[in-house]
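The following paragraphs lead the reader through a predicted model.

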2 protein chains.
Amino acid sequence: MFSFKPLLTALALMLSLTSTSLLAQETYTIRLAETWGPNSPILGETPRNMAAMAEKMSGGRLQFRIDSSNKHKAPFGIFDMVKAGQYDMGHTASYYYKGSIPNAMYFTTVPFGMIAPEQYAWFYHGGGMELMQKVYQPHGLLSFPGGNTGNQMGGWFREEIETVEDLQGLKMRTPGFAGEVMSEVGVAVTNIPPGELYSALERGTIDALEWVGPALDFQMGFHQIAKYYYSGWQEPGAEVQFLINEKTWNKLPPELQEILRVSMRTAAYDMYIQSTHESGIAWDRMKEDYPDVTHKTFPPEVIEALREATDKLLAEAAQKDELAKEIITSQHDYLQQVRQWTNISDKAYLNSVSSE
Amino acid sequence: MFSFKPLLTALALMLSLTSTSLLAQETYTIRLAETWGPNSPILGETPRNMAAMAEKMSGGRLQFRIDSSNKHKAPFGIFDMVKAGQYDMGHTASYYYKGSIPNAMYFTTVPFGMIAPEQYAWFYHGGGMELMQKVYQPHGLLSFPGGNTGNQMGGWFREEIETVEDLQGLKMRTPGFAGEVMSEVGVAVTNIPPGELYSALERGTIDALEWVGPALDFQMGFHQIAKYYYSGWQEPGAEVQFLINEKTWNKLPPELQEILRVSMRTAAYDMYIQSTHESGIAWDRMKEDYPDVTHKTFPPEVIEALREATDKLLAEAAQKDELAKEIITSQHDYLQQVRQWTNISDKAYLNSVSSE
């Protein structure tokens, strides 16, 4: 019997280590659906950046299968597909789901709202994450910031906008909440599929349109037709989102949950920085290749009219829904506080070093 | 024999799994020295945020022991201690080591340089990381961005600064490169230990001082003595750093290297966002509690003089050293490009929504 004891002990040890190891080595394949088409610059690079970090950090225990819109055919159905468990995760933008989940809208961006660093501060320190979870939790979903486009441009206009009158009857493609605000001030808002925008602008079906910013506008060619490029007011820091079905989330062991959480968080920040970089390159090139392109800011009276219309629509939304009111109030109060800091830091600095 | 085969196979399988498991379960304790004292807000929270993410993501395989300056007694000796292998990692700021490694300075911030998102874009997409590695590699070190303070304030002044003449002989505490620039324009630059700053300002030993920004200035109480709070020009986006001894780095398996890399990257971004948040709170409170505090921007003639002095010193540095020239040129060219975008996006937006 003497010689058996160590063997038995060793066997027991091995068995216990083996079971730990088998548990620890379990792999998970996460199916992710993105709103974007295949090879979509910046937006499409973000879930892939997230997946690459998560796969590498987990030593391959987290694997991802990412489907673009050409595969799942439902670019604006990500919310429903992840809710139904058809996909584990989504990469999309919450304001696309205004119809089915109206309060989601505020977590992308709001006209006259926060710029990217202010909005991240609201999400992570000002109660934003908790409010977002309050909106998504009843749907069995978790939502996380998924990348910021930076400040979006106000759009391409064939004619200069000098007064509010110039907006009356102007035919413009501008979707979402910004479109509603534009309607309020007299713009004839139309929606046109992305693939037809260039010819619609060229043929005069529309007089103006809003897309994103230099990095994504450049390849659309709008600058060849409409030379006035206006700074924005409508999407000061559009944050896209990661959605996760909470059943998938709950299945993961704590270390893989943390790997997923941190990968999403970094990929979101990374997209903001990549957008900054590529916008700089594209705007530089546009100005060089097309010296006719003229940067403009809307005159104060136009900004004032747009802001009043925004405030009116937000007040109406707050009156109709208790949770909407809570979110709008939280964002408003946070902006009041953080913007004072932005004004004496980056804004004062940028103004003091250049009058451009 | 028949009955032994499965047992032997099972044993072999267990042995192979066990060895994988033993290998995979190896833990590493990383000793990290920080410049900051114990419980240092924001700055000291950053390496702890990094460590918490890395420990959790690695399932405990990465462990950290963080020593504050009261323990290692060498707040400005982090570079040397990590180089010597006395610590595996450091959390510090590269411009503290101007003496031993002059080209490190440019990776923290440069007067009239980039703001935080511009600088992250330079690091990650504009060649900044590669240049930083060129500086640290001969010392057997890896360096990563370690958190941004945001735009630092120009400082607290007892009297208003209206002309360049007002700077002549002004006694001011302002360290580093900014101090050299201030000297160039006639300021009597002095260095005073942090603990004595308040009484030096109160007794008139100094007329002005520069610290960080509202979040860290508030607790120092300067606003109770000097009421003019100037916006900055000298540190538009000060990035602290993580340093790692490359022997430690090379010992880690690929998945733990990636966990460390991503934890540092996220913690750095997180610090920028936390700084934004806490600066907003502190500035709001300061204005409320001390209505005498007056925000100022330096007049254009003062900014012009400071900028000329900065350009002169940078040109001298570039002439003396080939690598300095490469870094200064890279930052200059990148800023030219990205700032045009910042100007038509955030700057134009911030100006159009408020004239403050």
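In chain A, 6 strands form an open sheet with mixed pairing, and their order is S7-S6-S8-S5-S9-S11. Strands S7 (188-190) and S11 (294-296) of chain A lie at the edges; each has a single partner strand, so one side of each is left without a neighbour in the sheet. Within this order, strand S5 (residues 155-157) of chain A pairs with strand S9 (residues 228-230) of chain A in the antiparallel sense, over 3 bridges. Phe157(A) has Tyr228(A) in S9(A) as its bridge partner.

Chain B also holds an open sheet of 6 strands with mixed pairing, in the order S7-S6-S8-S5-S9-S11. Its edges are formed by strand S7 (188-190) and strand S11 (294-296) of chain B, and because each has a single partner strand, one side of each lacks a neighbour in the sheet. Strand S6 (residues 171-173) of chain B and S7(B) are joined by 3 bridges in the parallel sense. Here the bridge partner of Arg173(B) in S7(B) is Thr190(B).

Attention now turns to one residue of a helix. Lys83(A) belongs to helix H4 (residues 78-83) of chain A. Its relative accessibility is 39%, so Lys83(A) counts as partly exposed, a class that lies between the limits of 20% and 50%. Leaving aside residues up to four places away in sequence, Lys83(A) touches His139(A), Leu141(A) and Asn245(A). With His139(A), the side chain of Lys83(A) makes a side-chain polar contact of 2.9 Å. Glu165(A), by contrast, is 82 residues from Lys83(A) in sequence and 45 Å from it in space, C-alpha to C-alpha.

Technical notes: Residues are numbered from 1 along each chain as its sequence is written. Chains are lettered from A and ligands numbered from 1 in the order in which they are written. This is a predicted model: local features need pLDDT of at least 70, side-chain atom pairs count only at pLDDT 80 or more; totals for chains, interfaces and linings use all residues. Side-chain values use heavy atoms; hydrogens and water are left out. Two strands pair if DSSP finds at least two bridges between them. Helices (H or I, at least four residues) and strands (E, at least two) are DSSP runs, numbered from the N terminus. Buried means under 20% relative accessible area, exposed over 50%, partly exposed in between (1.4 Å probe, protein chains only). Contact means heavy atoms within 4.5 Å. A polar contact is a pair of N or O atoms within 3.5 Å; within protein, one must be able to donate a hydrogen and the other to accept it, and residues adjacent in sequence count only if both atoms are side-chain atoms.
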